[in-house]
Amino acid sequence: MPRLPLIPLLMALLCATVPAKAQQNGFDLAGPELKLTVTRDGATLPIGAVPSLQPGDKVTAEAALPPDQSAHYLLVVAFLRGATNPPPKDWFFVAETWRKKKNRLALTVPMGAEQAVLLLAPDTGGGFDAVRDAVRGRPGVFVRVAQDLFQASLDRARLDAFVAAIARIGDTAPERLATAAPVLANALRIKLNADCLARPRGLQAACLTQNRDSLVLQTQRGTTLAETLTGTPADLAYSIAATPQAGGGYYSSYIGLARDVAKLFGAFRSPQYQYLPALALGRGDTLKLLLNAAPSFQSPRSVLAAPLPPIGAATPPIWQAGGPTPVCLAQPGLTLPLEDAPLLYATDYARTLSVQVTSNEGKTHDFPVVADVEKGGVRLEGAVPADLGTVSNAVLQGQWGFDGFTGPRLPVQLDAMGAWRALPDGAVVVGREHPLVLRGGAAFCVSQIALSDPAGMRAPVPFKVTGQDELTMTLPLKAVKPGALTLNVARFGTAPPDTIPLVARLEASRLDRFVVHEGDREGVLEGARLDQVTGLDWRGLHFTAGTLSRGAEGDRLTMAIDAPVPAGDGEAVVRLRDGRTVKLAVRATAPRPVATLLSRAAADQTARNGLPIALPDGVLPADAAMDFSFRITKGALGDGGMVEIAGPEGHGASLGFRDGALQRVGKNVVVAHFAPRTLLGAGIAGKLRYRLVQDGMAGDWQPLVTLARLPGLARLSCSADAATCTLSGDDLFVVAAIGDKPDFVGATPVPLGFVGGSITLPRPAGKTLYLRLHDAPDDVATVTLPG
């Protein structure tokens, strides 16, 4: 059976799945095309490469109508100067598209202009005067056209780029859709339906592009793309269209914008003309108009109103590197990831892009790059010069419309020959696996490592990147004889590998001491060649060998038993793998301090207005100070003792008696007071641990409390007959889900990173809301509703 082309099938599926209401309001009707160029300071660019106009720009415009076009259109370009200041009559320019000598406009953007719109009006005799009077009579409406429809056009460009890329991959390599679709969605800020990736390959592309008008997400962390281009906020319509009431909310709904503008146009339609909004998509010198309704050629006839780029200085692109992890310049097919760069892929604004790298020796080199939406960044073109040297700095640069830009800085790596060295030196021990650290080179440029002996035998060595200039590995030396070895470190690219000489020796067994505390169930044996130790017998206790690690001063071997270690001293017998035994003097030192938590409570909590939030036991507000008490059950905590507090990242700080943070109550009970944000940093949240430390001996870590950031819930507003309610407040991003049942069945998830001031919920069945907080995902907070 012949394979059907994907694109027609895709479009058919789209039309079948999009609801009727969305189809009626979607901009899916192809309108006329126009040819425009812009000249500034002697340089001419096609309209698709111009993010904004400036006073003094020379603009040429003509309609690209078919030869058999029967309807005569007037092409009008109008410049505006705000919603409350009608433009002068000489800010209107007209061309008669059906006349060869009058079908082309050549105009200059006037000084003082703030917006520009393009109108196509059927010629009725006196049509130009009627259009000009309409614009001058209601300039605010056409300011909305210039601002809001330009924003909607940028959103549509992102959507079209996503649909085109999905169709292209689905036609040529459908097996790549599962990995390419998430990258495309992130690059273009498009909502991704992950369930589509679980479908058969032949159905994934159609599924991913269903309900297209709801796929477009807001960009630039909440600002509009139009604002990103010129620094000027978009008008109120975009804000209204992005609310849940207008069907948008978390999404960028240009359909809502169209409805808004269409209502304004309907307010002053005349018997002669009605006004129809159009999106304007620029590619090359072509401006393609997309309509959401069919134009009328009977009275009142349809005037197409479309935006031109905003007038003002273009803001350079505010892109960011895709992450802090460096990438290797020599890696084949290298793509440097970018964030917040949807217009890089959806428009022609960016030109002559390159990445300039600077070596540590001061050499610079420019690499041409091209945007690659399927990889979410810019792809390097050209080979890396062999003499470039060590590189750790790169910056993206190019043209944004007429203007040059520089940034962002991108984390890259490249090193020179001989950069790697073994730490602390090249001496290794045979007869066991030997840990080794390499430092000094570009860690992300290493492709593979191999170990070779004098006979030429090579063995691959797995490694881990533990720093930008550090690699850790374990050398397989159990069956290797003493002598000279070579470690070969291969890089991406054509550079030869680094060769690191190693000297392999036998290490004599050495037992330094056995450290064990009274009451513990394990101790630590210190020395050398402890991999040969199988057990230790002391005072009738039989310790077994556990985890082996190597420190700066030798080996450390954990030895464990099933019962607590008693007090006392004596001679231990250490058993080795070859059957030999070695005697070692051992003494159980004082027990490590151990405590039992008694109580904990919030103190000095910041007062919040609005709905009260009740937290379960074990969870406290992150912005409050904290009191807790504990009983010392083993060991002692003297006046020089400390309590260490640590957060989920492992960073900690100490509380002591001498600084007043600890107070003794009786002999063994201690009360502690501290402010988590003061002690551990303003961003502390999540699970806290504590342990006691006395004279350098630290007890075990124990759970203390979970700190949770709380939202400020102002009110829950419910209409009498509505099925939904609106919960308003601030810091809603700290909430993961909201429901009216403690098991969160049917709960409303809060989008990750949500920064809105309200969220729509189903009407609660009772008087209690239940919150799942990001900082305490295993606990449930409750909100009691008034009334």
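I took helices (H or I, at least four residues) and strands (E, at least two) as DSSP runs, numbered from the N terminus. I called two strands paired if DSSP finds at least two bridges between them. The model is predicted, so to speak on record: local features need pLDDT of at least 70, side-chain atom pairs count only at pLDDT 80 or more, and totals for chains, interfaces and linings use all residues. Residues are numbered from 1 along each chain as its sequence is written, and side-chain values use heavy atoms, with hydrogens and water left out.

**Sheet.** I looked up β36 and β39 (residues 625-634): they pair antiparallel over nine bridges. Ala 595 has Ile 632 in β39 as its bridge partner. I then traced the open sheet, four strands in the order β36-β39-β43-β42, with antiparallel pairing. β36 (594-603) and β42 (662-665) are the edge strands, each pairing on one side only.

**Cavity.** I counted a cavity as a set of points, on a 1 Å grid over the protein atoms alone, where a 1.4 Å probe fits but cannot get out; lining residues have an atom within 4 Å of a point. There are two cavities of 30 Å³ or more. Which residues line the second largest cavity? I found Leu 36, Val 38, Ile 47, Leu 53, Val 59, Val 77, Phe 79, Leu 107, Leu 308 and Pro 309. β1 (29-40) and β4 (73-80) each supply at least two residues of this lining.

Notes
On a 1 Å grid over the protein atoms alone, a cavity is a set of points where a 1.4 Å probe fits but cannot get out, and a pocket is an open set with protein on both sides within 12 Å along at least five of seven lines; lining residues have an atom within 4 Å of a point. Grid points are joined across faces, edges and corners, and a volume is the space filled by probe spheres set on the points.
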